[in-house]
Amino acid sequence: MEVIITPSPEEGALSAARILDHVVRAKPAAVLGLATGSTPLGLYRELIRRHKEEGLDFSGITTFNLDEYVGLEASHPASYHRFMHENLFAEINVAPERIHLPDGMAADVNAFSREYEKKIRAAGGIDLQILGIGNDGHIGFNEPSSSLASRTRLKTLTQVTIEANKRFFNNIDEVPRHVITMGVGTIMEARICLLLAFGEKKAEAVRAMVEGPVTANCPASVLQLHPRVVVIADEAAAASLARADYYRYVFAAKPEWQKETTFLPALLEE
Ligand code: F6R
C-alpha cells in the first residue's frame, strides 16, 4: 500500500487527478471504476478542467460505478446516476453506451448483479478503481461484516452510513436502507485501487484500513492484500497513522517521474 499524505483535500484531489491523467493518456480505452459521495468531487472537477482546458480525452474509456441506492429512479436528485451525470459525465466526452451504474430499480437484484459482474469481465476488468471510505470502514457499500470475497449484490446500510448520507436527502427517513454494491471481491480484482480519504471523520477508518488487522470489521483493510493500492489522505484523515512520517519519507524519496505512475506499468503489460 502506498500512502500519500497531502496538506489539504484540494492537494489530494490534484494528486489523484494527475494519476488518472497518466492512466487515461497511457491507456485511452481504460476501464475506470468510479465512486460517488463528497470525497471524489474535487477529483472530478479537476478531470473536467483537464478535459476542457488540456484536451484530456475520455472518448475511449468505459466506466463502472460502485453502487446505487435501491428504490431510487435514475432521475431522483439523490441517486448516484444523477450524481455522476451532474458531477462528471455531462461535462466530459465519455460515450454514454460505455457508462455503467447499478440499477436501483432492477426488478430482480440478483440477476442484475450477476449481469453487472459479467459486463465488468466482458470489458476486460477494471483498470483503476476510485474508492472513498466510510466512517465505519466500508468500501463501496460493503459494510462491516461483509464477506471479503463478496460480489455485486444487495446490502443493507448501517446506521452510521445512513446518518452520514442523510445530508443528500430531505430527512433521515428518506435515506434508502438498501443498496446494490460491487462486492469486496469485485473491488479486489481491479488492477489498481486509488482510495481517497479527507477530513478528521475518516481518521479512525484510515488507521484501521492501513495499520489495523485485515478483518471484515473494517472491509477496507482487505486492501492490504491487494498488490497495487494508492491511498491519498489529507493531514486530518492521516492524523491517527502511527507510521505517517515513514509514508511521507517514502513518497518524498521517490524519483519525480515515479510519484504519480507507480503502478501504471501494470496496466500496459497485458
Ligand atoms: C460511494 C461509495 C462509498 C463512499 C463512502 C464515503 O460510491 O462507494 O463507499 O465512498 O461512503 O463517502 P463520502 O465521500 O461522502 O464521505
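This briefing looks at the ligand and the pocket around it. The structure is a predicted model, in which local features need pLDDT of at least 70 and side-chain atom pairs count only at pLDDT 80 or more, while totals for chains, interfaces and linings use all residues. Residues are numbered from 1 along each chain as its sequence is written, and side-chain values use heavy atoms, with hydrogens and water left out.

**Around the ligand**
- The ligand has 14 residues around it, with Thr39, Asp67, His138, Gly140 and Lys202 the closest (near means a heavy atom within 4 Å).
- Sorted by class, that shell holds three nonpolar, eight polar and three charged residues (Ala, Val, Leu, Ile, Met, Phe, Trp, Tyr, Cys and Pro count as nonpolar, Asp, Glu, Lys and Arg as charged, and the others, Gly among them, as polar).

- For Arg167, the distance from a polar side-chain atom to a ligand oxygen is 2.8 Å.

**The pocket**
- A pocket here is an open set of points on a 1 Å grid over the protein atoms alone, where a 1.4 Å probe fits, with protein on both sides within 12 Å along at least five of seven lines; lining residues have an atom within 4 Å of a point.
- Its lining counts 36 residues, and nearest the centre lie Ser38, Thr39, Ile133, Arg167 and Lys202.
- That lining splits into 15 nonpolar, 13 polar and eight charged residues.

Key: Polar contact = N/O pair within 3.5 Å; in protein donor to acceptor, adjacent residues only side chain to side chain.
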